[in-house]
Amino acid sequence: MTITAITHAHVVPIEGEPFDGTVLVEDGRIAALGPELEIPADAEIHDAAGGWLLPGFVDAHVHLGVAEEGEGWAGEDTNEMTDPVMAAARAIDAINPAEVGFDDAIIGGITAVNVNPGSGNPIGGLAVAIRTHGRVVDDMVLRSPSGLKAALGENPKRVYGERTQTPSTRLGVALTIRQAFAKARAWAAKPAEERDADLMSEALCRVLEREIPWRQHSHRADDIATALRIAEEFGFELVLDHGTESYLIADRIAEAGVPVLYGPLIVSRSKVEVRHRTPKAPGILTAAGVKVSIITDHPVVPIEFLVDQAALAVKHGMDPADALRSITLNPAEVLGIADRLGSLAPGKDADLVLWEGDPLDVRHRTVRVWQGGREVMHRDGAGEPVIADR
């Protein structure tokens, strides 16, 4: 049994009040935490020296490992834009764990991410939730699949409109999605022995059966309303990705009980759909009762700036506790991995990050990072980050 004690830390468990004390880790899981813990004699002790200890951050919408930075076309595997319906395409089959962005994530205190296909297709494919440190992606998986990615609005409309094929309008994009679900529902209604091999319908049925959520890329308020309409029609679990104008209809989203993965926040108004993006949105949505997660959409915003976006939201009215929750427990809940990650509690995985101070103060850096109790990053004598071997 491996026992580690992280002592003299300012512990921010996310669920529950912060305290000064110790977190005890046994065999990769949190065994106990509190202001006064008896430390086993055989424990390996790490003195936090007053640093802030938090759960690892979770970014619920990235293209990490499928859109490799600096690799050009050779590392671009985000979209399979050869057919509007790519429900069975899997992000896990394109992730390169050696991509430099994974190191950036760890240094930024992010221990888990949700990797999505892109938004070029109305139906893009299956997402996967993984840890950010590992040699083979299969060993990094937390949940696979973690949802089915789809897109409304500008991107699929542009991609297929330029080819003068369906869908070339918003109504055509919505129709493509609805037809795919109708086909999948008809396929599932057949006796098993009469079904042909149909990977697309099989993937869509996992959504219809509420086994996995429908991850709907949507920016404009009208597209978000369409997403809500289609979800009601087919009865699936909906997650809104991006939701740039979601704050304009926050009451409707809250009433539907749909979470929003908001972001990216630090981005130019590069297209019409993000014209009304605002750092006030996460606070507005949270106040309306919407479960909000802040996302980078890496590489749109480099992943290490996840916490900087949360700090920006605080600057524009979001409560600091809500901001921390938006990059820890909220995304973990949306991804279906909150039983393991997102907060500090006995029995959860020891995905821990020690910060110099409050991570919402952008002057403070990570000091050490653990995943499953194993240290995967520390800083050397010069303060430079050192990533553990994969």
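According to its unreviewed UniProt entry, residues 53–359 carry the annotation "domain: Amidohydrolase-related". The model discussed here is predicted. Over residues 53–359 the chain is 32% helix and 18% strand, and the end C-alpha atoms lie 10 Å apart.

Trainee: Why is Pro331 called buried?

Mentor: Pro331 has a relative accessible area of 0%. The term applies under 20%, so Pro331 is buried.

Trainee: Which residues is Pro331 in contact with, leaving aside its neighbours within four places in sequence?

Mentor: Pro331, which belongs to helix α10 (residues 329–335), is in contact with Val58, Ala60, Ser293, Arg325 and Ser326. Contact here requires heavy atoms within 4.5 Å.

Trainee: Why is the pair of Phe57 and Trp355 called tilted?

Mentor: The ring centres of Phe57 and Trp355 are 5.6 Å apart, and the planes meet at 35 degrees. A pair needs centres within 6.5 Å; planes under 30 degrees apart would be stacked and over 60 edge-to-face.

Trainee: What is the geometry of the pair formed by Phe181 and Trp214?

Mentor: Phe181 and Trp214 are 4.7 Å apart centre to centre, with 55 degrees between the planes, and this pair is tilted. Phe181 lies in helix α3 and Trp214 in strand β10, so the pair ties together parts 33 residues apart in sequence. Phe181 is buried at 0% relative accessibility, as is Trp214 at 1%. Ring pairs link Phe181, Trp214, Phe234 and Phe236 into a cluster.

Trainee: What covers the buried residues of α3?

Mentor: The cover includes β8, β9, α2, α4, β10 and α5. Among the buried residues of α3 are Gly172, Ile177, Phe181 and Trp187.

Trainee: How do you know that the charged end of Arg195 sits over the ring of Trp187?

Mentor: The charged end of Arg195 is 5.1 Å from the centre of the Trp187 ring. The distance limit is 6 Å, and the charge must also be within 35 degrees of the ring normal. Arg163 likewise lies over the face of Tyr160, at 4.9 Å from the ring centre.

Notes: Residues are numbered from 1 along each chain as its sequence is written. This is a predicted model: local features need pLDDT of at least 70, side-chain atom pairs count only at pLDDT 80 or more; totals for chains, interfaces and linings use all residues. Side-chain values use heavy atoms; hydrogens and water are left out. Helices (H or I, at least four residues) and strands (E, at least two) are DSSP runs, numbered from the N terminus. Buried means under 20% relative accessible area, exposed over 50%, partly exposed in between (1.4 Å probe, protein chains only). UniProt positions are given in the numbering used here, feature names are shortened, and annotations may be inferred rather than shown by experiment. Rings of Phe, Tyr and Trp (its six-membered ring) pair if their centres lie within 6.5 Å; planes under 30 degrees apart count as stacked, over 60 as edge-to-face and the rest as tilted.
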